[in-house]
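Dear colleague,

Please find the structure below, handed over for your records.

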Amino acid sequence: MLSSRNLAECRFYRERMGADARPIPWGLAELEAFAAIDSSDPFAGRVRRGLAPKVSLQLEATADPSIWIALDPPELDRWAGVVERMWKRWGTVPGEAIAFFDYGSSPLVLLASSGYVGYLRRGAAERLGLTAICNDGVAAMAGRMVSIVEALEPSMLIVRRDLARPFSLALEAAGTKLADRVRWVAISEVEGCTNRREADQLSARLGVTVWRILRSDAAFLIAGECAGCRAFHLDSAYFAETLSTGHVAITTRFAEACPAVRFDIGLARLINGGCALEPRAQRVEC
Amino acid sequence: MLSPARTEAFDDLDRLSSASLDRWWARKLKRVARLGFDELPFYRERFAAAGFHPTQFRTLDDLHAIPVSKKEDLLAAVQNSGSKLPGIKSYTAGPDARMTVSLSSGTSGTTFVMHTRRWRQLQGYSSSRAHWWAGLRPGTPLIMSAPAWHAYASIQPSIAMHFNNPCVVVSGTFLPRFADRIVDAILAFRPRFLTMFLPMVFSTMAAARRDGTSADRLFAGVETLVVTGAPITPGMRSHLQDITRVKRVAEIAGSSENLLAVDCIHAQGLHVVPDTCYAEVLDRTTGRPVPDGQRGSVVHSSVIPAGSLYLRYDGGDAGVIDRSPCPCGLPSPRIKLFGRWEDCFTIGDNTLLPYDVQFALETEVPELRGAALVITREGLANGILRLLLAEPGRSAASLLEEARAGLARRFEVPVEISAVRDLPLRFKGVPPILSEREAASAA
């Protein structure tokens, strides 16, 4: 993790250092406000001075101004490791296929394979011996997603929340049942997480376990719901702390080119100490 | 620096003579034919039915003994095998579950294309050659211009890493509603080399205009704009140069099934990228090679012994081949695609592709270069070449009348041209032939 001296190399953090020499927790609104002041910096002051990162990703959650995050190759690999471990907790078997119904630009897709983004050494699917296929993340492609399910028989699906309904309608129209062929479906939001009730309803409709993903690309945060306690288990790549406001802030240990320190994910409950499935994990309920 | 006349060689393959390249191709094709026979049921069965055995393969002429395959054959193989995938997946690099799969969609159905790590390495190197020919050089940021479901996405990372280009990933997908995000990416990272699907060039410029950004500012610093996804006419190329002020507009033709060709600085046809594929142009009736310059079916054979293997694959494209020496010095022949045979139509004594109509239009009325147009089905059904032209601009009435008269004279058929506010834009652009109702759906 970066020291406060290194953080001071980033204008965004330099201007929000607290008396305790730690950055004041921040969220997307603060990032957007900073970006609005200096539109010449695509990274909103978060990339350390003098660095020219190899990979830049445009945040989908912010539009005007457009904001980018950046990584160097080792960081990209560590981020893919987070995704690998999340899938592993839900269960995968080498030789199976995982299919995505999301934009190819989503980190959940990009981190799956070195075939999807440059400078990634081994994506999550490659680490787990999985074949990856991505359908374009627009509702009009729901029928093609059904074709993918029927033809490639993926055991795992990652679906954008806004595509869950068109996908389930297309499955029903085709008479295709997921229950006998898909082990799990994971549902993701661009920012934050789907509420549990909605995920349970989708699970009932599809006849398959549906796991939720907590995501915030600005902080490189990806966390999966636990099969045991249903809280989000934070990978060891993250450190979480409870703020006096009742919010939870996340610091991403691997993010050095574009540090993510004390990112406020909003109102949440931090549970230190894991559950039976992962006794040492930090957990978040939101 | 690029020589004004010759393409700088990417490696020694570019320095071969045409005859040496043919011998190189023969060796590569013999290897993949052998691979197809040994490992892939789809080809073993087809070779057997045609009485072909790879040991017979000596020269490029022997390629003609291999039967031509079409997407329908792949889909039939899927049906017949009971397996969900046709037996064209090659495992030459050893069993590799860690593949990515992309989709090849079309009117006849969707097939799946397997990309093993080995395929990505070989195709990535070959595609780096293609992009080198098109003008990509080390250092410039590479804006990732295809979503992960497309085959191009599987090679872009390799290209970026070959040239040590930073990768810039634009969020969303390549639909007009995301064009403003591409504008942001171009303005923020200032690439010198830009690849875009043709329709996205117009969507991106429209998004920039809405934001008060001129084309000059948007494309400032861009030395090469590569367009792909649709064949461009000479008029479209010069139109793109005019509106973007980019000095070089290059065309790449590619397919998920390993066709790849790129034009050189002379832009007189697209050089076949030799370590991706070998290309032929065949008579649609006889299946025999057509003379240079004569239109036929573009049939290609992958030379990459990994991933999904396509041998003598007819992807449904109409085109010509030119084997004459190119002033740029590259040894591979040039092809030019004109569109898909499924869009071919007959009117009067003419058998035409939409490309021909676009070309005729820009020839008759140069002011209409680059105009988006649709040919209506109702017109064709009644023996009338009826065109809908989007936003022809000022002096539209006189230009349209001039165009109407010129096309009627050229094709000797009745011609009607109407100006419309908008045309339906889909992933690959405006569909060339639509019913009036479909065309009106964009309004």
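Helices (H or I, at least four residues) and strands (E, at least two) are taken as DSSP runs and numbered from the N terminus. On that basis, chain B contains 13 helices and 22 strands. Its radius of gyration, taken over C-alpha atoms, is 22 Å, close to the 22 Å that the globule rule (2.2 Å times the number of residues to the power 0.38) gives for 443 residues, so chain B is as compact as a globular protein of that length.

Please note that this is a predicted model, in which local features need pLDDT of at least 70 and side-chain atom pairs count only at pLDDT 80 or more, while totals for chains, interfaces and linings use all residues. Residues are numbered from 1 along each chain as its sequence is written, and chains are lettered from A and ligands numbered from 1 in the order in which they are written.

Of the 443 residues in chain B, 51% are buried, meaning that 20 or more other C-beta atoms, placed from the backbone, lie within 10 Å of the residue's own.

Turning to the interface, 34 residues of chain B are in contact (C-beta atoms, placed from the backbone, within 7 Å) with 43 residues of chain A. The largest share of the chain B side, 5 residues, comes from α5(B), which spans 151–162.

Strand β4 of chain A (residues 131–135) and β3(B) run parallel and are joined by 2 bridges; DSSP must find at least two bridges for strands to pair. Within β3(B), B:Thr100 stands opposite A:Ala132.

With kind regards

How values were computed
A residue is buried if 20 or more other C-beta atoms lie within 10 Å of its own, exposed if 12 or fewer, and partly exposed in between; C-beta atoms are placed from the backbone. Two residues are in contact if their C-beta atoms, placed from the backbone, lie within 7 Å.
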